[in-house]
Amino acid sequence: MFGGVNADEIATLCYERFHQLPRRGKPEPGREWSLLAAVVKVTRWTPSEEVTKEVVSLATGTKCIGRTALSPNGDVLNDSHAEVIARRGCVRYLIQELHRTVTGGDSSVFCRAEQQGKWKLKPGVSFHFFTSHTPCGDASIIPMSDSQSLPCPPVTLVKDEDVKGQAKGSAVKRKAEGLDKGENIKLIRLEEKETADGIPDGRGNPQQSSLLNSSRSETPSQSRSAEGDTQNLSWMVLKDGGSSDSTGPRAQVPDIHRTGAKCVPGTEPDPLHAGGGYHQTGVLRVKPGRGEPTLSLSCSDKMARWGVLGFQGALLSHYLQEALYFTSVVVGKCPYSQEVMHRALVARCLHVSDLPAGFSLYPPTLIQASLEFPFSQGQTELQHKAGQGRISPCGAAISWCNVTEQPLDVTANGYKHGVTKKVLGTAKARSALCKLELFHSFLSLVSATDPSSLPSSLRASGLQTYWDYKRASQSYQQAWQQLHSQAFPLWPRNDRNLLKFH
């Protein structure tokens, strides 16, 4: 329990909200899996001290588009990981709440601030972030011994030539086999989990956590099945009772859960050593894509950024006296390490200083629930039945948020789910969460604001494009510059040509 927030209550609230949604876009039970994230608004009422909790944004999704699919018109949803979509849905909700306030209505979120044209959270209101799994990237690089479910005792590695009668690199998943009953050695074949785009990710499930071959001669992208999907397989040996071979006992190698997110350009690549030496930790990472690289930073990196800049974004910063921060981050049942979560989401930014007024270091409280998402990869594997076909990540992404118009938004490959090529480039194909649609919602907010009540930053002449309005949010840009220079100097800059739409 933290500040009236119980992790299992938050998880239950989010799972129930998901179950209330229509079937469209949801994973096929027993065959498809996904990840869920949500934003929960908590209100503590005075003087009764009653606490109410409400899901204001919820999302599922595991994919992002490649760099060649990016659009200069802002009409494609670039990153459809659940955490990113949940935040964007929350921005839709906040725009609606601000629209109510500027038009004289009542908002359950905002009240007037001291600065002209600015707003702030009402007393007692806080926002909490839920994710059914640790965020991809640095937060998922978890030592096996720190995870909730250690899949097996410490293991020792076996060279390929030691595995007699087995084909190297076979993509067939096998159960444990006995090599030599006399020596009481068990051979286990372990398959690293795939991300939504076919690249191994550290989002393995508690029932079947991943272990990877220590050989540096074969990188994750080089081991592929006939269908082209990455399936990294490792041969490892468990030595019962401390038995040894002719060369003596092999050293035990502690292992870690892995992430498919790659180090950003300019960073030393992962060393790919055995066990815990496979990854670098604490570095920026780019999400993997199927065949083509993406430009989307990992969810661990984006969430760390929210802890300094807030989750409201540059546009809403025009209207807010202070940035909005998540009070807590709740993680569902999955491999988890408090230390690793703190490293990924908090520690990398603790030394950032000289932030402008309205911005501060606001580390969220990190807590874990004991409840697993019913459509997690682990639960899907448990429910899988013969004849259902290969288990795979769900291709669709769902967004639901508490807004009056089009609260449900189901997408695939960056566009509305089910659209045909004929309508691409039109409003019919656009997600309500793409940059262009959020920008138009923001412009509607600006138009609804009485000119005498406009924030000073929105009174400048020459504001036309999406980039113009982002750049004019000077305090936000100053805070981002401090974060960039002090904590994330290798964070890739957006191509300005992709931001000049209107």
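## Exercises on a predicted model

Within the protein chain, 71% of the contacts with a separation of 6 or more are between residues 24 or more positions apart. The model is predicted. The protein chain has 9 helices and 20 strands, and 56% of its 502 residues count as buried.

**Exercise 1.** Find where P288 lies and decide whether P288 is buried or exposed.

*Solution.* 
- Step 1. Locate the residue: P288 is in the loop between β14 (285-286) and α3 (299-309).
- Step 2. Take the relative accessibility of P288, which is 12%.
- Step 3. Apply the cut-off: buried means under 20% relative accessible area. P288 therefore counts as buried.
- Step 4. Look at another part of the sequence: G260 is 28 residues from P288, and the two C-alpha atoms are 6.1 Å apart in space.

**Exercise 2.** Classify the packing of α3 and α9, and list which residues meet.

*Solution.* 
- Step 1. Find the angle: the axes of α3 and helix α9 (residues 474-486) come within 10 Å and cross at roughly 125 degrees.
- Step 2. Compare with the classes: 65 to 115 degrees counts as roughly perpendicular and over 145 as roughly antiparallel. The angle therefore makes α3 oblique to α9.
- Step 3. List the residues: from α3, R305, V308 and L309 meet Y476, A479, W480 and L483 of α9.
- Step 4. Sort them: the contact of α3 with α9 has 6 nonpolar residues, no polar ones and 1 charged.

**Exercise 3.** Classify the packing of α2 and α7, and sort the residues of their contact.

*Solution.* 
- Step 1. Find the angle: helix α2 (residues 82-102) and helix α7 (residues 435-448) pack at about 10 degrees, and their axes are 9 Å apart.
- Step 2. Apply the cut-off: angles under 35 degrees count as roughly parallel, so α2 is roughly parallel to α7.
- Step 3. List the residues: α2 contributes R88, R92, I95, L98, H99 and V102, while α7 contributes K435, L438, S441, F442, S444, L445 and A448.
- Step 4. Sort them: the contact of α2 with α7 divides into 7 nonpolar, 3 polar and 3 charged residues.

**Exercise 4.** Determine how the buried residues of α5 are arranged and what they pack against.

*Solution.* 
- Step 1. Name the buried residues of helix α5 (residues 338-345): V340, M341, A344 and L345.
- Step 2. View α5 down its axis: the buried residues fall within an arc of 110 degrees, so they line one face of the helix.
- Step 3. Find the partners: the buried residues of α5 pack against α3, β15 (326-331) and β16 (365-368).

Notes
Residues are numbered from 1 along each chain as its sequence is written. This is a predicted model: local features need pLDDT of at least 70, side-chain atom pairs count only at pLDDT 80 or more; totals for chains, interfaces and linings use all residues. Side-chain values use heavy atoms; hydrogens and water are left out. Helices (H or I, at least four residues) and strands (E, at least two) are DSSP runs, numbered from the N terminus. Buried means under 20% relative accessible area, exposed over 50%, partly exposed in between (1.4 Å probe, protein chains only). Axes are lines fitted to C-alpha atoms, for helices over the stretch in contact, and angles run from 0 to 180 degrees between N-to-C directions. Contact means heavy atoms within 4.5 Å. Ala, Val, Leu, Ile, Met, Phe, Trp, Tyr, Cys and Pro count as nonpolar, Asp, Glu, Lys and Arg as charged, and the others, Gly among them, as polar. The arc is that of the directions from the helix axis to the C-beta atoms.
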